[in-house]
Protein chains: 2
Amino acid sequence: MYRPMRCTVSGMLVWERPEPLNRPVPAPLSRERIVRAAIQLADADGLDAVSLRKVATVLDVRPMRLYGYIASKEELLDLMVDAAHAEIRPVGNSWREVLRSLAEATRHAAHEHEWLADLLGGRPQLGPHALASGETVVAALGDVDLDAIMPMVAAVNAYVIGAVRREIAERRAERATGMDEKRWQASLGPYLERTFATGRFPALATVVRDAAHLDADHTFRIGLDFLLDGIEARISR
Amino acid sequence: MYRPMRCTVSGMLVWERPEPLNRPVPAPLSRERIVRAAIQLADADGLDAVSLRKVATVLDVRPMRLYGYIASKEELLDLMVDAAHAEIRPVGNSWREVLRSLAEATRHAAHEHEWLADLLGGRPQLGPHALASGETVVAALGDVDLDAIMPMVAAVNAYVIGAVRREIAERRAERATGMDEKRWQASLGPYLERTFATGRFPALATVVRDAAHLDADHTFRIGLDFLLDGIEARISR
DNA sequence: ATCGTTCCGATACAGTGTATCGACCAGTAC
DNA sequence: GTACTGGTCGATACACTGTATCGGAACGAT
């Protein structure tokens, strides 16, 4: 930017040298661009692929430049999580609809950004978009007893975080083994089979072998229904 | 070990040289010792303090030695989590007692090993101790409909994971700010106050300011009660 | 004694987050 | 025009990470 044009490469005068084509004024840096670049990397190759150097490279900038906008990598991760919260917009008329919508929207966001599962619940979420989600939910719970609101929302959030984490963890495990051998029987099936064959976990073996296996959607919704039913029972008491 | 004793340091003959004092045969390496060392580091300084080099140093061993016992750092973390599951021994006679015990025991373990909160739910837990916990729980649920067991346990586990994560995250935030300024009003209180003063989150502000604030124990138990109530309603239907 | 074979672990590599500080800039005074 | 100054920016450096590689030592067989 401040650098003087001392680049008379190969002796050509300015008049002969063609205008540099693809060197428009690089869009000025901003937290938003940084976070977008980081999210793009994380979406593509997972959270481990997010390094300040790679982010800087994507933005065609030197790494230390980023420290003008964020104080540490952790802050960048916080910003990423808050950006994800921008996509979580619960809707609904009753408290039950809103809480269910909150849960589904969070799960949906984690499906689109698997790295979110690694970050959710890891640090307090106080960014503007997270607070906006909270505001929407709480506002829709206007007819609920004031002291009951926090516990309700906290419980639903806790359930969602745990459920989504396990879901994503399993999805990754299946991808890691199942990609190689079509069915995820590859290494987990046999391993469990062998382990159960030892007879040390008879009850567990029975459940895993004989009980109905629900898919991820149903499992999530059943747990959520448990919770919402329990909440309903308590607040209408 | 195989190295010949070529260390006639300073020319003293064997007869004059004192026996090396604190060099007993180093207890033979084992996964258990490695995991214990890793847990010791994590308990003391958090998960980030666990590096293969530091673990090796604690065991007075060269880093690459560890790869004879584990294939990657990730495996070490898996072993740590399974070791933690050894301390999770749910008890109880009814399904409700057992599930509550499972939840409380998991929470207790995470309080003693905060790093557990970072790892819980991050990967499928299939180690022997984790399976043993599962076996205990499932065995105590013998009188419950077979197809209902998995969803029940999964829901409780999901809730616990999310609740514990948030709890530990908040505890850390309080420690980080509160240690410096006695009360955690240090930076969060004022920040929230300022944010709410903008009037953009009126409903949230009302709840945070006017609603009763429960402590961590109550919050956890209330959410758990919601869930258990909901489960009870469904299975006795 | 010599040759394979095996396996251990020192070294090396490619990468990380970030502290430091020299270089360079605009602005001011003369 | 020149000299100085105050402040900012980012190249370099540092300490550290997980792990691939492969020279060489140890051992069994010939």
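The buried residues of helix α3 of chain B are B:Leu76, B:Leu77, B:Asp78, B:Leu79, B:Met80, B:Val81, B:Ala84 and B:His85; buried here stands for 20 or more other C-beta atoms within 10 Å of a residue's own, exposed for 12 or fewer, and partly exposed for anything in between, with C-beta atoms placed from the backbone. Helices (H or I, at least four residues) and strands (E, at least two) are DSSP runs, numbered from the N terminus. The model is a predicted one, where local features need pLDDT of at least 70 and side-chain atom pairs count only at pLDDT 80 or more, while totals for chains, interfaces and linings use all residues. Residues are numbered from 1 along each chain as its sequence is written, and chains are lettered from A and ligands numbered from 1 in the order in which they are written.

What do the buried residues of α3(B) pack against? They sit against α1 (31-45), α4 (95-112), α5 (115-119) and α6 (128-140) of chain B. As for length, α3(B) covers residues 73-85, and its 13 residues should span 18 Å at 1.5 Å a residue; the end C-alpha atoms are 19 Å apart, which agrees. The expected span is 1.5 Å times one less than the number of residues in the helix.

Two packed helices are described by the angle between their axes and the distance between the axes. For α1(B) and α3(B), the angle is about 85° and the axes are 9 Å apart, which makes α1(B) roughly perpendicular to α3(B). Axes are lines fitted to C-alpha atoms, for helices over the stretch in contact, and angles run from 0 to 180 degrees between N-to-C directions. Angles under 35 degrees count as roughly parallel, over 145 as roughly antiparallel, 65 to 115 as roughly perpendicular and the rest as oblique. On the α1(B) side the contact is made by B:Arg31, B:Ile34, B:Val35, B:Ala38, B:Ile39 and B:Ala42, and on the α3(B) side by B:Leu76, B:Leu79, B:Met80 and B:Ala83; two residues are in contact if their C-beta atoms, placed from the backbone, lie within 7 Å.

Next come the two chains together. Chain B goes onto chain A with a rotation of 180° and 0.0 Å of shift along the axis (RMSD 0.0 Å), the relation of a two-fold axis. The same surface serves both copies, with 100% of the contact residues of chain B recurring in chain A. The superposition is by least squares on the C-alpha atoms of residues with pLDDT of at least 70 in both copies.

The contact between the chains takes 48 residues from chain B and 48 residues from chain A. On the chain B side, α6, α7 (146-181), α9 (202-210) and α10 (216-235) each supply at least two residues, and α7(B) gives the most, with 19 residues. The axes of α10(A) and α10(B) come within 7 Å and cross at roughly 100°, so α10(A) is roughly perpendicular to α10(B).

Chain A has 10 helices and 0 strands, and buried residues make up 31% of its 237 residues. A:Leu29, in the segment before α1 of chain A, is partly exposed, with 16 other C-beta atoms within 10 Å. Leaving aside neighbours within four places in sequence, A:Leu29 is in contact with A:Ile34, A:Leu59, A:Val61, A:Arg65 and A:Tyr69.
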